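Here is a short note for a colleague who has not seen this structure before.

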Amino acid sequence: MEEEILIKAQDKKNKNEILLYLLNNKGKYVSGEELSEKLNVTRTAIWKHINGFKKLGYEIDSVPRLGYCLKSSPDILYPEEIWKDEELKFLGNKIYYYESIGSTNEKAKILAVNGEPHGTLILSEKQTMGKGRMGRKWESPKNEGIWLSIILRPNLSPEEAPKITLVTAVACAKAIRKQGINCAIKWPNDILYEEKKLAGILTEISAEIDRINHVIVGVGINVNTKKFTGELENIATSLYLIKGEPVDRKKILIDFLKEFEYFYSKLEKGNFHEVLKEWKALNCTIGRNVKIIGKTKEIEGIAFDIDGFGALLIRKNDGSVERILSGDVSLR
Ligand code: BTN
């Protein structure tokens, strides 16, 4: 039994390594001999896995004497698609990938408590119990979006945790803008396009009084959803609906991860002001009349700035200023 588990693990490792090798050599022929020598895998195993990849939708040419050539990948967010990117430093060094899961944030919490490292990524093609802010549900249909969570172990005090949400919002908006979509950030964590929601962020923190144990950043991006129904119809949108054509989820995912690493490193190095500058350039909240619906009260006024901790500053009609740390914002 133990031996069987070991063989299965080795087979999975071989499979991952072959795919990674093909991805790194996309468009080029690699011979069975080369794969077999470099990865220490039998030719039969290579043949078996190549057939498996083809069944999953990878377009692979097999030519006698030349070998295998990966032409294109299916729309699946396999970890190898991320690992092939050499620019990423800490994000996704460890990835948990699922075809379906309740919620990536819930899974991430369990993994974080079990000691999984900083930068661990949890990805799922579908969530059956996706969570939004304020106890809402987050629709996460199969292969239509990017549903992910990141485990972070930042060296920050608990009151600085909201800064991570701002880092994430900037990274998300930047990745989406690379698609030519002029989205904006609504404080603190919604990515909107023409007032409709394109992406959302759910940051959950486990902390002592003076130190953070871990932070889970959950990100949901509506990429290829073709139709929203019910109450979402008027408030949500997707990249597909904006562009009128399917969008490569892998590209957005990798762009997001790179932007995240870039802005997170600013935060780590004590240069949060650079994140704030970017956030301000991308936001659609400052300068607007807003209504904040908090747990216990509602506040109306003009959102005139955010402070160095990422709190929203509101000037009320009586001229007094309120500092808002959390809540739902409606733009007027
Ligand atoms: C919001 O705007 O209300 C936040 C939405 C966050 C959704 C993402 S999808 C991946 C991660 N797992 C969850 O259950 N929620 C977040």
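**Notes on the ligand site**

1. Start with the side chain of Gln127: one of its N or O atoms is 2.9 Å from a nitrogen atom of the ligand. Please keep in mind that this is a predicted model.

2. A polar backbone atom of Lys131 is 2.7 Å from an oxygen atom of the ligand. At Asn105, a backbone N or O atom lies 3.5 Å from a ligand nitrogen atom.

3. How much of the ligand does the protein bury? Alone, the ligand exposes 420 Å², and 99% of that is buried by the protein. The ligand sits in the largest pocket.

4. Several elements give two or more residues to the shell around the ligand: helix H5 (104–113) and the strands E6 (145–152), E9 (196–207) and E10 (212–222). The most comes from E9, which gives 4 residues.

5. There are 19 residues around the ligand, and those that come nearest are Ser103, Gln127, Lys131, Arg133 and Lys197. By type, the shell holds 10 polar, 5 nonpolar and 4 charged residues.

6. Lys126 is placed in the loop between strand E5 (121–124) and E6. Is Lys126 buried, partly exposed or exposed? Its relative accessible area is 31%, so Lys126 counts as partly exposed, a class that runs between 20% and 50%. Lys126 and Ser103 are 23 residues apart along the chain, and their C-alpha atoms are separated by 8.7 Å.

Key:
Residues numbered from 1 in each chain as written. Predicted model: local features only at pLDDT ≥ 70, side-chain atom pairs only at ≥ 80, totals over all residues. Heavy atoms only, no water. Near = heavy atom within 4 Å. Polar contact = N/O pair within 3.5 Å; in protein donor to acceptor, adjacent residues only side chain to side chain. Areas by Shrake-Rupley, 256 points an atom, 1.4 Å probe, with all protein chains shown as cover. 1 Å grid on protein atoms, 1.4 Å probe; cavity = no way out; pocket = protein on both sides within 12 Å on 5 of 7 lines; lining within 4 Å. Sits in = over half its atoms within 2 Å of the grid points. Nonpolar A, V, L, I, M, F, W, Y, C, P; charged D, E, K, R; others polar. Buried < 20%, exposed > 50% of the residue type's maximum accessible area, 1.4 Å probe, protein only.
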